[in-house]
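Hi everyone, thanks for coming.

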Amino acid sequence: MAPPSTLQSHYRRRGLPASARRLVAAAAIISTVLAAIAAIAGRAAAAPAKSGTSSTATATTATGRWWSNKIKAAKAAAAAAAATATSTSLFVAKASSSSAAVNLAVGAKYAATTSTSVKTSTTNSRSSVPCVTSKSTSKASTSSTASKITATYGSTTTKSSSSSSTSTRVYGSSTKSSSVVYGTTSTTSSAVYGTSTKTSSSSLSSSAKATYGGSSTTATRTTVTDIGQCPTFAPRSPQPTSVHDLRVDEIQTIMGIGDSVMAGFGARVTSFLQLLSKNPLLEYRGANLATGGDDDSKSLGNSLLHYNPKLLGLSHGTRTFDFCYGPICPTVIEGDNVAVQGLNAAESGAWVSNWPTQYTYIQDHMAQVDSGYNSTFKFVPVVLGFNDLCLGCYNWTQDLLFDADKYESNVRDLLDALRGLVPRAVVLLLSPFDISQLVPIAYSETSCDIIRTVFWVECLCIDPISNDAVNSYARIAELAGKYSQRAVEIAQSYNAEKDPGFAVMVDPQFAALSMSGATPSILSAEDCFHPSKSAHDLLAINAWNNLFVPTSQKTAYDINQSTFVCPTADDRLYIDYGDDS
């Protein structure tokens, strides 16, 4: 964080007077206000109707409805997908013993099926319902005593009482006990998740006995400067049946959900003069850290491509951005371009709550890119939250739209939707790092100082409209830390269900990124804010190296990282169940 004296000096150098800057900021703030009004109206719409409701209240409720159009469309689409999907990935029905309240606030909640979403005020637990079965029903009682959910999984029906902390889980087969069964009929399961075990159920290959859910304790990994130098693997036989037992060469499709970082906005702009001869609104999709498919990109996608040359979904080249910013989403400039985007649905400017439009893109184009999507294993990096941090430093915006509870709620809604839509998926959830660290880097040279004078409005919390910058940066750092902690908890809660068709990975070291010693070369010369191509590469290499180890063993990101870890044939994508961190 820049010291107060540096910040004060910076504000004196700015050419724009405070009054002019406030006028320019109005456009962004109006969007935030509209979203806040919609959120409040959404709550009113969800509340029970009272007799004698005024016409003003009715109008307010109507105002909130327009904000939910995209979410309603996603809900309907997910319900349709749930009725026709053939995947055996099933959700576990859960309920709480406390009094439950139905929460379907317009513009804030998403349900992947027509079943009721149930929450409790004391535990904040969620009711998960099957989204990808051919037939499912869920009924819940919200009485003050106990709640029960009856869930139908294919031809097997189980009942779980909310007063019990455990439930019977069935995945693609029947079971006679409370054990978890994966792909085969069994009364017990000896598979151990997140730790080593000497016993394996019949549905696991013998090569995975000591490594299921993590990494081999005997294999030695090598490091190389080019992922192409890593040895590849012979295919396993039999092939895995669960995402919890997955090697990198078995991932067949990559997708992406995110904001302008995931979209690669400005990544290849190395000089502001480039913008005089090029479109200044370009997203360099082929260079982004996750799905970038350009030949010189060191993305996660290109690393996976080394192990599976038939990998689908990569992004290539450039496209003009489609701006998405809270309630103003999308502002279509170019529209869908699958040849460039692949299955990277990211939208520049997106808040976490803007996920429904990206969900719709995946839904519309998944079969076009991956015709066998019901059977392929998929890797889905999610990079969202940076724009939430850019507005979350103000108490009122954070309370209404961007606090940790709303981050968690929106992320869970996204994950529920993905689990219903995308069979056999591993999500890599990367919560945002502290962006206030960019300030001293950007203002360390004159050219960036001038550029930020033009582009400051894109992130009001790192270029605040008052001299309260120091407090603003402290609030950004605090909120980023809260997001990161929630991301870990979210991942562990999904993984505890051990759904063979869905898992969530998380890398807290991404959120803990320290930029100490970094130079302006890590920033795009377009706005001295977004990551440059070299920054995308170093983020991707660090994230890759942490894929195969427990949370407690993931290493801090090195801003000078240039070497890749070569996984062994015994390594699996490490799924965190909460017992290894």
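Let's start here: are Cys390 and Cys459 buried or exposed? Both of them are buried, and by that I mean under 20% relative accessible area, with exposed being over 50% and partly exposed in between, using a 1.4 Å probe and protein chains only.

Quick background: this is a predicted model, where local features need pLDDT of at least 70, side-chain atom pairs count only at pLDDT 80 or more, and totals for chains, interfaces and linings use all residues. Residues are numbered from 1 along each chain as its sequence is written, and side-chain values use heavy atoms, with hydrogens and water left out.

Okay, back to our pair. Cys390 and Cys459 are joined by a disulfide, S to S 2.0 Å; the term means a pair of cysteine sulfur atoms within 2.5 Å. Cys390 sits in helix H9 and Cys459 in the loop between helix H13 and helix H14, so the bond ties together parts 69 residues apart in sequence. Helices here are DSSP runs (H or I, at least four residues; strands are E, at least two), numbered from the N terminus.

Next up, Cys393 bonds to Cys461, again with S to S 2.0 Å. The torsion about this S-S bond is about -90°, so the disulfide of Cys393 and Cys461 is left-handed.

Then there's Cys448 with Cys528, sulfur atoms 2.0 Å apart. Cys448 counts as buried because its relative accessibility is 4%.

How many disulfides does the count come to? Five!
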